[in-house]
Every structure is written in structure tokens, then in C-alpha cells.
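Hi,

Here is the structure I promised to pass on. Have a look at it first, and then read my notes below.

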Amino acid sequence: MTIKTILKSTLMSTVLLSNFAIADDDQILLGAFHDYGITKCDSFILENSKLQGNWNLFINKHKGGIDGPTTEVTVTQIYGSKGDTVKIEDTYIQTAKRCFLRNTWTLTFKGSCADNVDANDWYVSNEMPNKDYTTYKNAGGLELHAKEISMGNFKACVQEGSKRTSASHG
């Protein structure tokens, strides 16, 4: 890597960070997507990927893999606090006609899964006693995979799920 490339990279990072400090969360998020080529899905992104409080944001563009004029970008958000942390990965695909989203999430809670999976919203769809996971479903058909971990007297429940949606450009 040449000195010129390093200086240019440092300058771009400084400008980017100073722009982040000035912009609100929606502008930060949309600006990051625009920088990576997703420019026709703003309302869809803001509807599905609002930044939460105390967030960290990581974004990357996927190269190749999809035929035609498409752009695929993944944003990973991690927010919350120790013992109650949420990790969300949103992969957006912008095609010539539509915007697609595959949203995956991981939630971590202190305590058992029995205490942290709301039986009013989720029912056991597959117990898998010979595995570490239990699969739950809700009335909308979403699946949640939960795994309980124990270390001494400490228990935690790790919950994972995903969904796919799409919308017209806008």
C-alpha cells in the first residue's frame, strides 16, 4: 500500500467520521447504503432498519454472486447493553425493479429460555431433545431458534430468527 493510498484512506475515514457526528441516525444509515450503491430503497431501509440507541454499525458490499444489474449490501447492528444485547443483520438487494431484505437477528438474555421466550407470542414447534436448540413459531409464521447456555449458576438464552421481505423502489 502506498503512502498516497494510506493518506487518502485516512482522510476519507476522517471525513466520514466527522460527517457521522453531524448527521442524524437516518442520514448516517442512508449515507452508508448510498456509498455502497443502494440508492433506490431509502424508504424500505428506514422502515426496516432503524438504528437503535447505543448502536454500532458495520456495513459491507457483496461482490458478484447475483446475475444482472443488482447490488447487495449487508448492514450489521449491535445494540443494547451487557446481558441484553441484540445483533441484527440486514441484507438488502436492489434489483432493477425491487428492493429485497433478508433480516436475521440474535438476541441474548440473562436467564433460562423458559423465562425469556414469551409463551403468549411463541409456541414450541420442534423441541429437538437431542440438540441444543428448540424451535418456536408465532401466529405470523416466523420461526425462532432458542439455545440455552449454562456456566455454573449462570444461564443465558440465545434466540435467533430471520425473515425476508420486499418492496418497490422508493
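This is a predicted model: local features need pLDDT of at least 70, side-chain atom pairs count only at pLDDT 80 or more; totals for chains, interfaces and linings use all residues.

Let's start with a term: a disulfide is a pair of cysteine sulfur atoms within 2.5 Å. By this rule the count here is 2 disulfides. Residues are numbered from 1 along each chain as its sequence is written, and side-chain values use heavy atoms, with hydrogens and water left out.

C41 sits in the loop between helix 2 and helix 3, and C99 in strand 4 (residues 98-110), so the pair ties together parts that are 58 residues apart in sequence. (Helices, H or I with at least four residues, and strands, E with at least two, are DSSP runs numbered from the N terminus.) Both C41 and C99 are buried, and buried means under 20% relative accessible area, with exposed over 50% and partly exposed in between (1.4 Å probe, protein chains only).

C113 and C157 form a disulfide too, with sulfur atoms 2.2 Å apart. With 105° about the S-S bond, the link of C113 and C157 is right-handed. C113 belongs to helix 4 (residues 113-116) and C157 to strand 8 (residues 154-168), so they tie together parts 44 residues apart in sequence.

Now for the aromatic rings. Rings of Phe, Tyr and Trp (its six-membered ring) pair if their centres lie within 6.5 Å; planes under 30 degrees apart count as stacked, over 60 as edge-to-face and the rest as tilted. Searching the whole structure gives 2 aromatic pairs. The rings of F33 and Y92 have centres 5.2 Å apart and planes at 85°, so they are edge-to-face. F33 is in helix 2 (residues 25-35) and Y92 in strand 3 (residues 84-94), so that pair ties together parts 59 residues apart in sequence. For F44 and Y92, the centres are 5.8 Å apart and the planes at 90°, so this pair is edge-to-face. Together F33, F44 and Y92 form one aromatic cluster. F44 is buried at 5% relative accessible area, and Y92 counts as buried at 1%.

Cheers!
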